Amino acid sequence: MALAKLGVVVLDCPDPRALAGFYAEVLGGTVEGDGEWVDVKVPGGQSLAFQAAPGHTPPQWPSSDRSQQFHLDLTVEDLDAAEKGVLALGAKALDAADRSRSFRVYADPAGHPFCLCAC
């Protein structure tokens, strides 16, 4: 028996509304809230939340000094089309050169690593 259930994954960032807007576009969700806490509601999926963190220092990938600590795996049908879309929204490629793999690694506009996966 579970002791708890997952409520929401929260990402610290300097601008919650801006980062929520990025993920709402990527996931097809809607942004709710403003200020220090903003949610992205995803139809039929898990919500994400974004919390203001003054002085936020983004993780580096790969790095042992400022490890990523966690990342999101986002499942996609077409890696090339999804890559084009996230880059247009402000993502940065971290490890996307190997086109033979089923995943590619990016950073969102606040520096959090995430993967696009054709798994």
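Modeller: A quick definition to start: rings of Phe, Tyr and Trp (for Trp, the six-membered ring) count as a pair if their centres lie within 6.5 Å. Keep in mind that this is a predicted model. With that rule, searching the whole structure turns up 5 aromatic pairs.

Let's zoom in on one of them, Tyr23 with Phe114: their ring centres are 6.1 Å apart and their planes make an angle of 70°. This pair counts as edge-to-face because its angle is over 60 degrees. What does the pair link? It joins distant parts of the chain, since Tyr23 belongs to helix H1 (residues 16–27) and Phe114 to strand S8 (residues 113–117), 91 residues apart. Tyr23 has a relative accessible area of 0%, so it's buried. Phe114 is buried too, again with a relative accessible area of 0%.

Another ring to look at is Phe103, where the charged end of Arg101 sits over the ring, 4.3 Å from its centre.

Trp37 brings in a polar partner: its side chain makes a polar contact with the side chain of Asp39, at 3.2 Å. Asp39 lies in strand S3 (residues 37–41). Asp39 is buried, yet has no salt bridge. The nearest side chain of opposite charge is Lys41, 4.5 Å away, and a salt bridge has to be within 4 Å. Setting aside neighbours within four places in sequence, Asp39 is in contact with Thr30, Val31, Glu32, Leu48 and Ala49.

Methods
Residues are numbered from 1 along each chain as its sequence is written. This is a predicted model: local features need pLDDT of at least 70, side-chain atom pairs count only at pLDDT 80 or more; totals for chains, interfaces and linings use all residues. Side-chain values use heavy atoms; hydrogens and water are left out. Helices (H or I, at least four residues) and strands (E, at least two) are DSSP runs, numbered from the N terminus. Buried means under 20% relative accessible area, exposed over 50%, partly exposed in between (1.4 Å probe, protein chains only). Lys and Arg count as positive and Asp and Glu as negative; His and the chain ends are not counted. A polar contact is a pair of N or O atoms within 3.5 Å; within protein, one must be able to donate a hydrogen and the other to accept it, and residues adjacent in sequence count only if both atoms are side-chain atoms. Contact means heavy atoms within 4.5 Å. Rings of Phe, Tyr and Trp (its six-membered ring) pair if their centres lie within 6.5 Å; planes under 30 degrees apart count as stacked, over 60 as edge-to-face and the rest as tilted. A charge sits over a ring if NZ of Lys or CZ of Arg is within 6 Å of the ring centre and within 35 degrees of the ring normal.
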